[in-house]
Amino acid sequence: MPIINSIADMQAEMTAWRHDFHENPELLYEVQRTAGLVAERLRAFGCDAVVEGVGRTGVVGVIHGKQRGAGRVMGLRADMDALPMSEATGLAHASRVPGKMHACGHDGHTSMLLGAAKYLCETRRFDGTAVVIFQPAEEGGAGGKAMVDDGMMERFGIQEVYGMHNWPGIPLGEFAIRPGPFFAATDVFDIHVTGKGAHAAKPNDGVDPTVMASQLVLALQTIASRNADPVEALVVSVTSFETGSKAYNVIPETVHLKGTVRTLKPDLRDMAEARMGEICAGIGAAMGGRILLDYRRSYPVMANSAAQTEFAARVAEGITPGVDRAAPLIMGGEDFAYMLEARPGAYILAGNGDSAMVHHPKYDFNDALLPVGASYFARLVEEGMPV
């Protein structure tokens with residue numbers, strides 16, 4: 001079963017939706033315009049229920065099949081928010097909002113799920129209920145958690161849940177998936193290094209926090225290189241180094257470091273946090289200063305359920321033979337992890353072709369992917385809940 005013909009016929013309509021979302025990006029939970037348009041269209045399609053304000057600004061649509069005897073309920077999720085960055089594509093549909101851009105393709109994800117919802121409302125060739133989920137704040141705001149915490153799974157009776165993300169570098173229309181851990185847990189940290197300020201010509205009068213912080217940056221790399229099993233995936237990255245002085249001749253009092261830790265296993269996550277604390281305390285004491293670590297856990301590991309991954313792969317193979325069932329592990333984060341913690345399900349990557357990578361100012365979602373993704377969402381429902 002390739003792309004569904006009636007969904008292919010929606011190509012121009014889905015493209016228009018996508019370009020409109022792209023021109024009007026909104027951040028985190030401030031997706032009022034996008035969510036409003038989504039709710040308006042779901043009602044126009046004939047959804048049996050449309051609920052706004054789930055997880056603050058999320059939208060949920062309910063579509064009943066021709067039959068409901070099986071009692072099955074399947075959730076399909078798309079994210080709606082953009083990124084706080086400036087676009088450099090030069091396209092006619094480029095962002096009209098300075099400093100905001102759909103640089104991750106959530107405009108495409110939303111349009112694909114809308115296309116699938118329209119098709120499912122028109123045909124209803126399934127036995128059960130499809131719940132379409134439009135989520136805010138994936139980009140660092142944990143909107144998936146907000147919707148789960150708002151009781152979404154229980155309120156709509158969702159039994160399993162599926163998500164999708166476009167992926168540059170995978171050929172257009174092909175898919176990639178894997179069972180078990182897929183995307184990493186994403187933690188962040190702030191480290192405050194305090195010494196004693198002095199004139200740069202008299203370093204012996206002070207305790208130099210820049211030297212302490214420099215030693216610390218190097219020492220933190222030993223967590224991955226010397227504390228973790230070499231076959232395990234672990235990233236410890238210091239991404240910001242800011243001193244308390246901008247002068248050439250001043251040894252500052254303080255240094256502020258920022259960074260991120262990425263892991264794929266809970267025990268590795270625990271170890272990395274513990275070792276960071278020990279290293280900070282040890283270097284601070286050894287060099288006569290003080291180092292305070294503020295370590296904050298963010299998105300958990302996103303892990304696909306085995307049975308649902310097998311099913312999702314089979315559905316994708318019905319659309320295209322190009323399905324990689326052993327996709328590489330990804331050290332980026334994805335808050336669909338919270339939904340997969342709440343219910344079994346699977347997350348798949350759909351090829352965006354040869355485009356700039358996501359989170360790049362020249363990235364753009366490939367409109368040719370729209371009918372592919374919409375067909376995948378629709379086939380999940382029809383094949384997962386056959387009449």
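A residue counts as exposed when its relative accessible area is over 50%, and as buried when that area is under 20%. This is a predicted model, and the tour below starts with one residue.

**Stop one: Glu 341.** Select Glu 341, which sits in helix α10 (residues 336-342). Its relative accessibility is 55%, so Glu 341 counts as exposed.

**Stop two: helix α7.** Select residues 209-227, the 19 residues of α7. At 1.5 Å a residue the helix should span 27 Å, and the 25 Å between its end C-alpha atoms agrees with that. Centre the view on Gln 221 to find a kink of about 25° in α7.

Next, colour the buried residues of this helix: Pro 209, Met 212, Ala 213, Leu 216, Ala 219, Leu 220 and Ile 223. In an α-helix, residues three or four places apart point the same way, because there are 3.6 residues a turn. What do the buried residues of α7 pack against? Show the strands β8 (185-194), β10 (234-243), β11 (250-251), β12 (254-263) and β13 (290-297), together with helix α8 (266-286).

**Stop three: the largest pocket.** Select Glu 139, Arg 262, Gly 332, Gly 333 and His 359, which lie nearest the centre of the largest pocket among its 21 lining residues. Two or more lining residues come from each of β5 (160-168), β8 and β12. The largest share, three residues, belongs to β8. The pocket holds about 450 Å³ of space. Coloured by class, its lining shows eight nonpolar, eight polar and five charged residues.

Key: Residues numbered from 1 in each chain as written. Predicted model: local features only at pLDDT ≥ 70, side-chain atom pairs only at ≥ 80, totals over all residues. Heavy atoms only, no water. Helix = DSSP H or I, 4+ residues; strand = E, 2+ residues; numbered from the N terminus. Expected span 1.5 Å × (residues − 1). Bend = angle between axes of the 7 residues up to and from the residue. Buried < 20%, exposed > 50% of the residue type's maximum accessible area, 1.4 Å probe, protein only. Contact = heavy atoms within 4.5 Å. 1 Å grid on protein atoms, 1.4 Å probe; cavity = no way out; pocket = protein on both sides within 12 Å on 5 of 7 lines; lining within 4 Å. Points joined across faces, edges and corners; volume = space filled by probe spheres on them. Nonpolar A, V, L, I, M, F, W, Y, C, P; charged D, E, K, R; others polar.
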